[in-house]
Amino acid sequence: MKVQMHSVHFDADKKLLDFVQQRLNKLETFYDKVTEGEVIMRLNNKDGIENKTVEIKLLVPGNILFSQEDAASFEAATDAAAESLRRQITKHKEKAIAH
């Protein structure tokens, strides 16, 4: 899967980018028709620890799946967003099979 990654207001290191790519690659085991993805990581201005936001958009045939999560680390936010997308992929796949 081709993934575009953007980091807003900071420079993401290779380790973080590899981590995100690895999580998205795991989603392909649930549904192999994901055509491409886009990840936006940003530091938000919220008070408190959970000031890191990860937005993931996946393009699948006939639909766009999206998840946005805030967490204390980009890794935790990525995990939460990937889990949300896994559920969306499962629902999308069931609908596709039903038609």
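Biologist: Which side chain makes a polar contact with the side chain of E55, and at what distance?

Modeller: This is a predicted model, in which local features need pLDDT of at least 70, side-chain atom pairs count only at pLDDT 80 or more, and totals for chains, interfaces and linings use all residues. Residues are numbered from 1 along each chain as its sequence is written, and side-chain values use heavy atoms, with hydrogens and water left out. A polar contact is a pair of N or O atoms within 3.5 Å; within protein, one must be able to donate a hydrogen and the other to accept it, and residues adjacent in sequence count only if both atoms are side-chain atoms. The side chain of E55 makes such a contact with that of R42, at 2.5 Å.

Biologist: Is E55 buried or exposed?

Modeller: E55 lies in strand β3, residues 52–60; strands (E, at least two residues) and helices (H or I, at least four) are DSSP runs numbered from the N terminus. Buried means under 20% relative accessible area, exposed over 50%, and partly exposed in between, with a 1.4 Å probe and protein chains only. Because its relative accessibility is 13%, E55 counts as buried.

Biologist: Which residues does E55 touch, not counting those up to four places away in sequence?

Modeller: Contact means heavy atoms within 4.5 Å. R42, the partner in the polar contact of E55, belongs to the set, which comprises E38, V39, I40, R42, F66, S67 and Q68.

Biologist: With which residues is S84 in contact, leaving aside neighbours within four places in sequence?

Modeller: S84 is found in helix α2, residues 74–98. Its relative accessible area is 13%, so S84 is buried. Its contacts beyond the sequence neighbours are S67 and E69.

Biologist: How do the axes of helix α1 and α2 cross, and at what angle?

Modeller: Axes are lines fitted to C-alpha atoms, for helices over the stretch in contact, and angles run from 0 to 180 degrees between N-to-C directions. Helix α1 covers residues 14–27, and its axis comes within 10 Å of that of α2, at a crossing angle of roughly 15°. Angles under 35 degrees count as roughly parallel, over 145 as roughly antiparallel, 65 to 115 as roughly perpendicular and the rest as oblique. Therefore α1 is roughly parallel to α2, at roughly 15°.

Biologist: How many residues of the contact of α1 with α2 are nonpolar, polar and charged?

Modeller: On α1 the contact is made by L16, F19, V20, R23 and L27, and on α2 by F74, E75, T78, D79, A82, L85, R86 and I89. Ala, Val, Leu, Ile, Met, Phe, Trp, Tyr, Cys and Pro count as nonpolar, Asp, Glu, Lys and Arg as charged, and the others, Gly among them, as polar. The residues of this contact divide into 8 nonpolar, 1 polar and 4 charged.

Biologist: What is the phi of H9?

Modeller: H9 is placed in the loop between β1 (2–8) and α1. With a relative accessible area of 68%, H9 is exposed. Most residues other than glycine have a negative phi. H9, a residue other than glycine, has a positive value, near 70°.

Biologist: Which backbone nitrogen lies 3.4 Å from a polar atom of the side chain of E28?

Modeller: E28 is in the loop between α1 and β2 (36–43). Because its relative accessibility is 25%, E28 counts as partly exposed. Not counting residues up to four places away in sequence, E28 touches M1 and V34. The backbone nitrogen 3.4 Å from a polar atom of the E28 side chain belongs to M1.

Biologist: How far apart in space are N63 and V34, C-alpha to C-alpha?

Modeller: N63 is in strand β4, residues 63–71, and counts as partly exposed at 37% relative accessibility. Beyond four places in sequence, N63 touches L58 and H92. N63 and V34 are 29 residues apart in sequence, and their C-alpha separation in space is 9.9 Å.
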